[in-house]
Amino acid sequence: MNHWNLYWNNENTLNSFAEGDQSTGYTGEIANFWSNAFSHLSDDASILDVATGNGALAVLAKKYSPSFRVTAIDAANINPHAIINNSNENYQWLKDITFKGNVRAEELPFEENSFNVVVSQFGFEYAEPGAALTHIHRVLQTNGEFVALIHHNTSFISADCRLGIDVLQDILVESELFDLLEAYCEASATLQSEKTYENEQHFQTLNKSLLALFKKMQFECQSEQELDWYNETFKRLVPLIMDWQTLSLDKVKCIKNDLASHKLRLQDQVDAYWSEQQANDFIARFQSQWSSMALEQLTCNEGILCWVLRARK
Ligand SMILES: C[S@@+](CC[C@H](N)C(=O)[O-])C[C@H]1O[C@@H](n2cnc3c(N)ncnc32)[C@H](O)[C@@H]1O
């Protein structure tokens, strides 16, 4: 959970994986899906968002109807009221949402029949499904609905996620990039304290090796998407190399830890997504506890986006 604690407490962003885009909330297909789901609710409906992160879905609900009563939980130590500042366009919506961190979907601390609807956006599948579903059922009012978007193993999101893991594995472990960077750091410190010809040569050699390694990694990319993953990281590393007078081992380690943490979040996602078989097993196992339960695929122009789970109490 520590990689999620770090993420939600360090980024002025609502979404997971906002290294890409959508740091101010979900848009497009996903936002449309939820607008449609919210349109069936009364204006003052009580809503629970499970595994909310910094509240991207909770904010969508509030934007749809400011009089919705929205509560949002996450197993991570979230605190969006403290983290999201007023430079974020969603700041105003967050204020009226009740957030509870360190709360697992498997142990919801709410009374029976507390909510008209329970929602989850790429979150429910991270929990143990049996225990989480029992609690969701308990806190829902009779005839209330649980609606969740769930990662799909063949979605384009999951494909990109697997690619990201491979690229980060290469950058962090398989290549000599961080060894070179650390050596470059030491060489820059030595050169600044002792400006000899040998120190200058050593520093220049490492500089060239680093830039050559960047080029080699870019050149060997098999697709635009793979190149994007490398370039996202290089965007952070190149300024360090250019600004070598202020370079420090701490700065390098900080980026290395961020990337390792990002890789763990991606790995969580890969471990959480559902295949067709898992989706069918889920329905077979839990359907009887609900008055209705259905799973379907949500698609968009880019292909499969995710699963949609709907279960009515
Ligand atoms: C991919 S993020 C999604 C966050 C948010 N719903 C969004 O769309 O931006 C998955 C979230 O699930 C949370 N999580 C993981 N296991 C959980 C559990 N057992 N109960 C509640 N939340 C959990 C993580 O802390 C993380 O914030």
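Around the ligand stand 21 residues, and Trp8, Tyr26, Ala51, Asp74 and Gln121 come nearest. A residue is near if one of its heavy atoms lies within 4 Å of the molecule. This is a predicted model, in which local features need pLDDT of at least 70, side-chain atom pairs count only at pLDDT 80 or more, and totals for chains, interfaces and linings use all residues. Residues are numbered from 1 along each chain as its sequence is written, and side-chain values use heavy atoms, with hydrogens and water left out.

The shell holds 13 nonpolar, 5 polar and 3 charged residues. Here Ala, Val, Leu, Ile, Met, Phe, Trp, Tyr, Cys and Pro count as nonpolar, Asp, Glu, Lys and Arg as charged, and the others, Gly among them, as polar.

Now look at the polar contacts (pairs of N or O atoms within 3.5 Å). The side chain of tryptophan 8 has an N or O atom 2.8 Å from an oxygen atom of the ligand. Glutamate 106 places a polar side-chain atom 3.0 Å from a ligand nitrogen. Alanine 75 uses its backbone: a polar atom there is 3.2 Å from a nitrogen atom of the ligand. On its own the ligand has 600 Å² of accessible area (Shrake-Rupley method, 1.4 Å probe). The protein covers 97% of that.

Turn to the aromatic rings. There are 19 aromatic pairs, with ring centres within 6.5 Å. One of them joins phenylalanine 124 and phenylalanine 282, edge-to-face (planes over 60 degrees apart). Their centres are 6.0 Å apart, with 85 degrees between the planes. Phenylalanine 124 lies in the loop between strand S4 (115–121) and helix H6 (129–139). Phenylalanine 282 belongs to helix H12 (residues 276–286), so the pair links distant parts of the chain, 158 residues apart. Helices (H or I, at least four residues) and strands (E, at least two) are DSSP runs, numbered from the N terminus.

Definitions and conventions
A polar contact is a pair of N or O atoms within 3.5 Å; within protein, one must be able to donate a hydrogen and the other to accept it, and residues adjacent in sequence count only if both atoms are side-chain atoms. Rings of Phe, Tyr and Trp (its six-membered ring) pair if their centres lie within 6.5 Å; planes under 30 degrees apart count as stacked, over 60 as edge-to-face and the rest as tilted.
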